[in-house]
Amino acid sequence: MRVALFLTCVNDTLYPETGRAVVKLLTRLGVEVDFPMAQTCCGQAHYNTGYRHEAEPLARHFSDVFEEYEAIVTPSGSCGAMVRELYPRMGERARAEGRGEALAATLAPVVPKTYELTEFLVDVLAVTDVGAYYPHTVTYHPTCHGLRGLGLGDRPRRLLQAVGGLELVELPGADECCGFGGTFALKNPDVSAAMGADKVRNAESTGAQVLCAADNSCLMHIGGTMTRLRTGMRPVHIAEILASTEREPAR
Amino acid sequence: MSGTFVGMPAFPEAAREAVADPTLRGNLRHATHTIRAKRAAAVAEMSDWVELREAGRRIKDHTLRRLDRYLVQLEEAVTAAGGTVHWAADADEANRIVTRLVKETGESEVVKVKSMATQEIGLNEALEAEGIRAYETDLAELIVQLGRDRPSHILVPAIHRNRGEIRDIFRAEMGEWGRPAPEGLTDTPAELAEAARLHLREKFLRAKVGISGANFMVAETGTLVVVESEGNGRMCLTLPETLISVVGIEKIVPTWRDLEVFLQTLPRSSTAERMNPYTSTWTGTRDGDAGEGDGPRTFHLVLLDNGRTDTLADEVGRQALRCIRCSACLNVCPVYERAGGHAYGSVYPGPIGAILSPQLRGTGSEIDASLPYASSLCGACYEVCPVAIDIPEVLVHLRERVVEGGLVTREGNKVVLKPARGHAAERAAMRAARWAFSRPGALRAGQRLASRTRALHPRTLPGPGRAWSAARDLPAVPAEPFRDWWQRTNGGTTEEGTAK
Amino acid sequence: MSSRELILGRVRRALADVPPDDTPYEDAAPRGYLREHGARGAEETVALLAEHLADYRAIVHRCGESELPSLLARLLAEREAATVLVPTGLDETWLAESDVTRVADRAESDAHELDAVDSVVTACAVAVAETGTIVLDAGPDQGRRRITLVPDHHICVVRAPDQVVSSVPLALERLDPGRPLTWISGPSATSDIELDRVEGVHGPRTLEVILVG
């Protein structure tokens, strides 16, 4: 199966190790991964900040880049939700604005074949034990757009539970938002920081060494709060845990 | 603390104070976390919750699509049952009608059931200005009124107060309004409730005019429904000679049968009970067909628009009119939990307030233009909403209205809104980002520049960037972006080496 | 233009974008939800009612038809009630063994008079097991709404299983919207202090329900 890695602009720029981990993991599972170099950004930040019309060219660009692939895999719950949930809505809105079917038709092909990484593993590849080894105590934070947008459910936890050496501990208040919320973090910094601090305190209370999530945007906020609060915990993307093996452990 | 919301600062500034207030944070955290788990348990008892939620959504949507017809049908039914229907296009008109109706009774005081609509229009202040004293009889409303405070929650307007604060308010203020608090009043909730019972009883027993809202109005029968807990509603609805109900036009359901949906979903979503202690339904007056000489002799229904038809005109935003005011969205909202209700600058706080206020009032004021951003879009509100209002969708839609402007309806007229001021820099940044993201080469050039200069990057930022770095460290920029690694290693197939 | 015409006009203009939709009301909303939750026999339904009434602090008693007068007499005596309000149509045998002064439900009695009465005994229109609710419809054996509101002690007699239904939908079917209804689920309560429930505010602070039959 030939799949396209939709890495997301944030990961491409700031978290290349997550991208490398996805490539390593999928390759190990026999998947042929391509990274279309023309990919940029899905337009989520534009859309969610109120710039839907600015997001439209980015969505069209996304569709141009990815539509030829059988499957599109992304290690980001929120960017995955952008394509799956909000691209159809953008098409509907354009229609309601009297601009016809063009946008909806352009975006339609990529919507059903875009998968968040853990969905792709569990639903498409039908694996939960990916042969990973990660000898650390880990707590898992389900990010909002993965949890409530895509409905990832227990997929990430099932994958983590199958990892050798990994001890998974419950995160109190797991389903509460970490306070990132894209531009929310900048527009309402005090509330955002308070939410982040509460999330980090809850994570700390578990005694885990690692807080794991399936979205680096949230981890950027949580991790930045962790170092500021000097917790000694570290944020790690789930792809890096699942890519880690006894022979080639994560750093 | 003033009793009105006029001149509120924008949400972020108002929220900053709340976040820094440890008592308030503690009170809100305690209350919202208490109710969250209970609501989840009450909902989990219902194996058909999904179907009830869908039916609620569809009944409301159906009604809104034919609102004109159902309003006329309701008017006929209420009139036939002996009631009088009044129509109020805005808050001023509603206040004038109610003031006139009270004056016609010759009374100078009224007892009130908790009602969002009368808070929305500022009825108490309007009555006060005409020399009529309105007594709030819901416990939380009483706490707010005695404390000269503002409501901060739809269901529990005094949620920002803990038991100790409530005791202090009762001790200090009850004597000013009537029967003083009992000697030696402690802060146990049962004693506080007893103090309210004693204080209000004399007012109920002598009241000649009651004012209420309603949770539902049944178009086919002309029946009004009030859902409550304490019995203050029953007091106000049954003891006075005259009852005046002020109700938003969106509170209609077509048939008696429709109540079977909402009387199941509202209590569980609201107070997390299988059923609230008291629900009253009445049709017209005691002289109506089956009134049996029971209840008020005169009944007035004031149908309130006050921005609702403007909201109805917006095809994305109109879903907010499905709201049944259960407040489940407030109780699960992480932003509400930290910012508190006052920061929303409206009687409708929390997620539903963030989409209702800017629609009912427009986005002209600083606070209303900031409300659509008072959310991390986490979606918890949508998940618990018993009528499936997609609050995040409407928030994003209203953000668009703020930054792009466009055609909206205000007071029934189509007007073209200009983009809000204060977003120019953001708009420029969004355009620049869109430009770069439309060109992979430009994105790559930017990434490389960031990587090459990474030794120079500070961990904190000046200017607007401080909004991030005041509380969070910045991520370190990697030696090379992923796409460079991909190309250099031929998709990870050749020896990795290190980035140049 | 009157405000009525103004508002109706605004509504019609607001809906201008909505395509004409002649779906009749009956088909507008899916009614895929349940008429009642779970299959129960009559006795199980009564037991569920008792359990749910008690959950919200109503005091529940069960007795046979012949035991009702003595039970009512005992409950009123235990309460040390001197006076009891009686709806005009209440079965006279119910209070035959009680030596408490009876106060009739009179249209002219004002709220202060009612406030001086210790207890009230009524029948009900229907009871809902799933929610622990009794519904009064101001019928002759229940009286005007105010008599079950102002006194601090309410004893409500439910004929089981005839008056007991499982669910809210089944209860609504039995009720006449033209009558003033009061749905009662436990004694008066509030969640207004820290969103925690406390019993006992303005309505009767003690609710006793007798399931007869």
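# Exercises on a predicted three-chain model

**Exercise 1. Trace the pairing of strand E2 of chain B.**

Four bridges link strand E2 (residues 109–112) of chain B with strand E3 (residues 133–136) of chain B, and the two run parallel. Strands here are DSSP runs (E, at least two residues), helices likewise (H or I, at least four), numbered from the N terminus. Two strands pair if DSSP finds at least two bridges between them.

This is a predicted model, in which local features need pLDDT of at least 70, side-chain atom pairs count only at pLDDT 80 or more, and totals for chains, interfaces and linings use all residues. Residues are numbered from 1 along each chain as its sequence is written, while chains are lettered from A and ligands numbered from 1 in the order in which they are written.

- Step 1. Take B:Val111. Its bridge partner in E3(B) is B:Tyr135.
- Step 2. Turn to strand E4 (residues 209–212) of chain B. Two bridges join E4(B) to E2(B), in parallel.
- Step 3. Find the residue of E4(B) opposite B:Val111. That residue is B:Gly210.

**Exercise 2. Give the strand order of the open sheet in chain A.**

- Step 1. Four strands form the sheet, in the order E6-E5-E7-E8, with parallel pairing.
- Step 2. Name the edges. They are strand E6 (167–169) and strand E8 (234–237) of chain A, each pairing on one side only.
- Step 3. Neighbouring strands are turned against each other by 35 degrees on average, direction ignored.
- Step 4. Look at one pair. Strand E7 (residues 210–213) of chain A and E8(A) share four bridges in the parallel sense. In E8(A), A:Pro235 stands opposite A:Leu211.

**Exercise 3. Describe how helices H16 and H19 of chain B pack.**

- Step 1. H16 (residues 350–360) and H19 (residues 391–404) of chain B meet at an angle of about 40 degrees, and their axes are 10 Å apart. Axes are lines fitted to C-alpha atoms, for helices over the stretch in contact, and angles run from 0 to 180 degrees between N-to-C directions.
- Step 2. Classify the angle. H16(B) is therefore oblique to H19(B). Under 35 degrees is roughly parallel, over 145 roughly antiparallel, 65 to 115 roughly perpendicular, and the rest oblique.
- Step 3. List the contact. H16(B) brings B:Pro351, B:Ile352, B:Ala354, B:Ile355 and B:Pro358, and H19(B) brings B:Ile391, B:Val394, B:Leu395 and B:Leu398. Residues are in contact if their C-beta atoms, placed from the backbone, lie within 7 Å.
- Step 4. Sort these residues. Nine are nonpolar, none polar and none charged. Ala, Val, Leu, Ile, Met, Phe, Trp, Tyr, Cys and Pro count as nonpolar, Asp, Glu, Lys and Arg as charged, and the others, Gly among them, as polar.

**Exercise 4. Outline the contact of chain C with chain B.**

- Step 1. Chain C gives 65 residues and chain B gives 84.
- Step 2. Find the main contributor. H1(C) gives the most to the side of chain C that touches chain B, with ten residues.
- Step 3. Sort that side of chain C. It holds 30 nonpolar, 18 polar and 17 charged residues.
- Step 4. Cross the chains. Strand E9 (residues 278–283) of chain B and E9(C) run antiparallel, joined by four bridges. B:Thr279 has C:Trp183 as its bridge partner in E9(C).

**Exercise 5. Is C:Ala82 buried or exposed?**

- Step 1. Count neighbours. C:Ala82 counts as exposed because it has 12 C-beta neighbours inside 10 Å. The scale, with C-beta atoms placed from the backbone, is buried at 20 or more others within 10 Å, exposed at 12 or fewer, and partly exposed in between.
- Step 2. Leave aside neighbours within four places in sequence. C:Ala82 is then in contact with C:Val100, C:Thr101 and C:Asp118.

Notes:
Two residues are in contact if their C-beta atoms, placed from the backbone, lie within 7 Å.
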